[in-house]
Amino acid sequence: MASAQSGPSANPVAARLAGKRAIRSYARKLAEPEDIKDLNIVPMMDMMTIILVFLLKSFTASATLVNMDQNLSLPPSQTRLAPKQAVPVTITKRVVLVEGDAVAPITNGRIDPQLKRDGDNGYYITPLVDMLGKVARREKKVAEMSGQKFDGELTIIADRHTPYRLLTEILYSCGQAEYANFRLLVLKSRE
Amino acid sequence: MRRMRDQFEEADEETAEINLVPYMDIVTNIIIFLLASVINQVPLGTVNVSSPTFGGGAGEGTPDKPALNLTVTVGQTGFTLAGSGGVMSPIPKLPAGDYDYPALTAKLTEIKKQFADETKATFNADAAVPYEIVVRTLDAMRTYPDEKDAHERELFPDIVFAAGIL
């Protein structure tokens with residue numbers, strides 16, 4: 001301890017030399033920075049993989065995906081209920097679809113009377129009832145095998161200009177295929 | 001000299017890492033596409049309605065109160081409300097041509113105060129009424145903002161669709 005304190009004062013020349021050497025080596029270090037051979041990208045990869053997993057999860061979490069175009073624009077609503085998984089029935093300006101398969105064409109907001117059991121004034125759309133009947137049988141089987149109750153729920157994805165008459169015709173036909181509860185898919189218009 | 005170079009090469013081989021750059025390229029691309037598709041997603045909601053069920057229901061004891069049987073009809077000129085007691089005075093459209101949704105909610109709030117337990121209502125509309133107006137009317141029928149605490153209270157959330165006016 002004593003020698004360390006007395007060292008520099010004992011030999012001032014050596015101390016000065018040591019100081020100079022230290023300064024020189026520091027200056028050399030500044031002049032030649034260490035080469036960065038390659039970046040460590042492992043943390044970035046960790047982060048990206050986590051982002052990817054979360055994005056994929058949120059992507060699959062949304063129960064219903066709707067491709068909106070000029071023939072299908074949903075109406076706005078102030079509802080707070082979130083969509084639930086159910087068989088989708090889509091009503092665009094041109095066609096009625098069940099689970100994405102075209103069932104009946106629409107011209108000027110009306111179904112072709114030939115596709116209806118009771119003609120122009122009828123409500124029973126034969127191809128829609130047939131198709132939903134098949135879907136209902138499948139759903140019932142699935143419900144039976146998984147020990148749940150068949151709830152007869154449909155998601156109605158309809159264009160905002162669909163006339164009420166067409167809507168009731170479709171809902172009536174859905175009712176004929178044992179679907180009586182409907183979830184009308186809308187755009188949430190508030191926060 | 002050669003031995004030294006060999007030694008260096010050996011050392012290099014030992015510390016070599018897997019080339020993660022191609023993997024990162026793929027992951028970055030997937031993230032960009034997923035982000036783009038998430039941005040395009042729109043907030044969706046649902047409105048629950050049901051179609052009338054026939055049969056049953058009747059003859060299950062006498063109800064304490066007479067049923068309300070509230071029916072809201074959307075016509076070309078405005079809303080018409082009807083119940084077991086009769087038809088109420090219609091709510092005409094606003095001068096601008098839009099339906100008067102606040103007036104409908106106000107009227108239904110009055111009815112709700114008299115029939116606090118009632119949650120069912122029948123919806124009916126003219127054949128040509130577009131779906132957009134149907135959904136907005138259902139919104140007006142479902143809830144109302146309470147004056148006391150500005151919270152939303154339920155009006156008639158159990159809505160049954162009836163056939164249109166022919």
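1. A definition to start with: a salt bridge here is a side-chain nitrogen of Lys or Arg within 4 Å of a carboxyl oxygen of Asp or Glu. Please also keep in mind that this is a predicted model. With that rule, the side chains of Arg138(A) and Glu99(A) form a salt bridge, at 2.8 Å from N to O. Arg138(A) sits in helix α4 (residues 126–145) of chain A, while Glu99(A) belongs to the loop between β3 (95–98) and β4 (101–107) of chain A, so the pair ties together parts that are 39 residues apart in sequence. Over all chains, the search of the whole structure gives 11 salt bridges.

2. How many salt bridges are there between chain B and chain A? The count is 1. Its partners are Arg160(A) and Glu132(B), whose closest N and O atoms are 3.4 Å apart. As for polar contact across the interface of chain B and chain A, 14 residue pairs are found, both residues being at pLDDT 80 or more.

3. Which elements shape chain B's side of this interface? Those that give two or more residues to the side touching chain A are α2 (21–40), β1 (44–50), β6 (120–125) and α4 (131–142) of chain B. Of these, α2(B) gives the most, with 11 residues. Sorted by class, the side of chain B that touches chain A has 29 nonpolar, 11 polar and 5 charged residues.

4. Now the extent of the contact. It takes 45 residues from chain B and 51 residues from chain A. Between them, the two chains bury about 4,100 Å², with 68% of it on carbon and sulfur atoms. Leu44(B), Thr46(B) and Tyr131(B) supply 20% of the area that chain B buries against chain A, which is more than any other three residues.

5. Strand β7 (residues 181–188) of chain A pairs with β1(B) in the antiparallel sense, over 7 bridges. Within that pairing, Phe182(A) has Val49(B) as its bridge partner.

6. Strand β2 (residues 71–74) of chain B pairs with β3(B) in the antiparallel sense over 4 bridges, and a hairpin of 3 residues joins the two. Here Val74(B) has Phe79(B) as its bridge partner. β3(B) also pairs with strand β4 (residues 86–87) of chain B, again antiparallel, over 2 bridges. These two form a hairpin with 2 residues between them, and Gly83(B) stands opposite Gly86(B). Finally, 2 bridges join β3(B) to β5(B), which run antiparallel; in this case Gly78(B) stands opposite Pro92(B).

7. A last point on aromatic rings, of which the structure holds 8 pairs over all chains. How are the rings of Phe79(B) and Tyr99(B) arranged? Their centres are 5.3 Å apart and their planes are at 40°, so the pair is tilted. Phe79(B) lies in strand β3 (residues 78–83) of chain B and Tyr99(B) in the loop between β5 (91–92) and α3 (101–114) of chain B, so the pair ties together parts that are 20 residues apart in sequence.

Terms used:
Residues numbered from 1 in each chain as written. Chains lettered and ligands numbered in written order. Predicted model: local features only at pLDDT ≥ 70, side-chain atom pairs only at ≥ 80, totals over all residues. Heavy atoms only, no water. Contact = heavy atoms within 4.5 Å. Buried area = accessible area lost by both parts, 1.4 Å probe. Polar contact = N/O pair within 3.5 Å; in protein donor to acceptor, adjacent residues only side chain to side chain. Nonpolar A, V, L, I, M, F, W, Y, C, P; charged D, E, K, R; others polar. Pairing = 2+ DSSP bridges. Phe/Tyr/Trp six-rings, centres within 6.5 Å; stacked < 30°, edge-to-face > 60°.
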